[in-house]
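Please look over the sequence and the coordinates shown here before reading on.

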Amino acid sequence: MGGGFHTLRIRDVNPDTDEAMIVSFDVPESLSAAYRFEPGQHLILRGQVNGSDLRRSYSICNGEHDGQLRIAVRKVSGGVFSNWIHGSLRPGDPIQVMPPQGRFGLMAGVGAESGRHYLGIAGGSGITPILSIMKSVLARDPSNRFTLIYGNRSQKSTMFKEELEDLKNTYITGLALHYLFSREHTDTPLNSGRMTDEKLSEFLTTVIDPSDIDEVFVCGPNDVNDQAEIALRAAGILDAHIHIERFGVPSAAGAAASGAQAGDFDGARLVIIRDGLRRELEFHKDDGSILEAAAKGGLEVPFSCKSGVCCTCRAKLIEGEVRMERNFALDKKELAAGYILSCQAHPLTDTVVVSFDER
């Protein structure tokens with residue numbers, strides 16, 4: 001799919017909790033193919049907020065057969081973009097939206113087989129891609145089953161609570177819901193507390209049989225993802241069947257050094273391939289990353305978080321060598337195949353050729 005933005009109109013905005021709202025878009029027929037998505041993917045929104053050109057990623061929360069494109073936006077304290085969406089967007093408003101991105105979810109044939117049992121582990125707003133995956137696999141085949149462990153502070157802050165209960169009524173035997181509240185007492189100790197590896201291991205030994213799980217999808221804050229990974233591995237689930245979507249930069253990495261380092265090549269010949277065209281630039285250390293150098297050169301290349309997390313700026317290194325400051329998105333196979341995160345990449349050789357057409 002192309003990486004450029006298109007202008008869509010807001011179809012509707014509806015509150016879900018005190019902190020979250022659901023935003024749906026009208027997609028014209030001429031763009032329907034471009035906005036066809038795989039469950040688990042996300043959209044990148046672009047807006048002029050207080051004079052700044054900002055972009056943010058939000059996971060698609062509808063199933064593949066729901067008939068409309070939706071995201072959920074939780075208001076973040078101090079979050080410029082999320083507060084702008086909550087305070088400014090109205091039905092009929094135009095907004096720039098990039099076609100669906102990402103490789104988390106039902107990709108590469110995952111979810112194509114019948115009679116599978118899926119486990120979803122979600123923390124807070126991490127429910128959005130999990131919900132899309134859940135709705136899709138259950139609708140695809142009545143023999144599929146889905147078990148969800150969903151952690152929140154309280155019932156009041158739980159996104160999609162009503163929609164999840166409606167799904168449970170629709171798929172009585174196919175869907176199992178397990179809520180976990182960190183700041184609210186429940187009658188069952190299993191459903192109270194934080195989502196730690198010990199708590200998840202308790203679920204995996206008392207109510208869920210790990211040997212019966214075919215695929216696991218995890219999305220939440222970094223500590224939730226890390227704790228889930230520990231518990232799943234301890235339960236004997238292989239890494240190949242554990243799929244994790246990360247958002248936000250781990251706190252330890254947030255203080256990591258950035259900018260030019262010894263060994264970076266000053267004055268490198270940087271060739272960017274985009275939409276079949278080659279553009280040559282001269283890269284200097286003070287340009288920042290390859291992504292920033294491309295932007296300074298007037299090239300429109302895809303990006304969102306600029307933190308090495310969302311993978312929107314993924315490109316293929318055709319020639320030369322680079323170093324990356326951070327990488328929370330590419331796996332070992334992708335790195336071995338030559339893929340880089342352009343927002344984190346710095347040239348180490350006199351010539352570097354990067355293709356955004358091989359993503």
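Ser143 sits in the loop that connects helix α2 (127-140) with strand β8 (145-152), where helices (H or I, at least four residues) and strands (E, at least two) are DSSP runs numbered from the N terminus. This is a predicted model, in which local features need pLDDT of at least 70 and side-chain atom pairs count only at pLDDT 80 or more, while totals for chains, interfaces and linings use all residues. Residues are numbered from 1 along each chain as its sequence is written, and side-chain values use heavy atoms, with hydrogens and water left out.

With a relative accessibility of 37%, Ser143 counts as partly exposed, a class that lies between buried (under 20% relative accessible area) and exposed (over 50%), computed with a 1.4 Å probe on protein chains only. Leaving aside residues up to four places away in sequence, Ser143 touches Ser114, Gly115 and Arg116, contact meaning heavy atoms within 4.5 Å. A polar atom of the Ser143 side chain lies 2.9 Å from the backbone nitrogen of Gly115, and the side chain of Ser143 also makes a polar contact with the side chain of Asp141 at 2.6 Å. A polar contact here is a pair of N or O atoms within 3.5 Å; within protein, one must be able to donate a hydrogen and the other to accept it, and residues adjacent in sequence count only if both atoms are side-chain atoms.

The sheet comes next. Six strands form an open sheet with antiparallel pairing, in the order β4-β3-β6-β1-β2-β5, two strands being paired if DSSP finds at least two bridges between them. Because β4 (52-59) and β5 (69-74) stand at the edges with a single partner strand each, one side of each is left without a neighbour in the sheet. From one strand to the next the twist averages 40°, with axes taken as lines fitted to C-alpha atoms, for helices over the stretch in contact, and angles running from 0 to 180 degrees between N-to-C directions. Within this sheet, β1 (residues 6-15) and β2 (residues 20-26) run antiparallel and are joined by six bridges, and Asp12 stands opposite Ser24 in β2.

Lys199 belongs to helix α4 (residues 197-206) and is buried, its relative accessible area being 11%. What lies around its side chain? A polar atom of the Lys199 side chain lies 2.8 Å from the backbone oxygen of Ser192, and one lies 3.4 Å from the backbone oxygen of Leu190.
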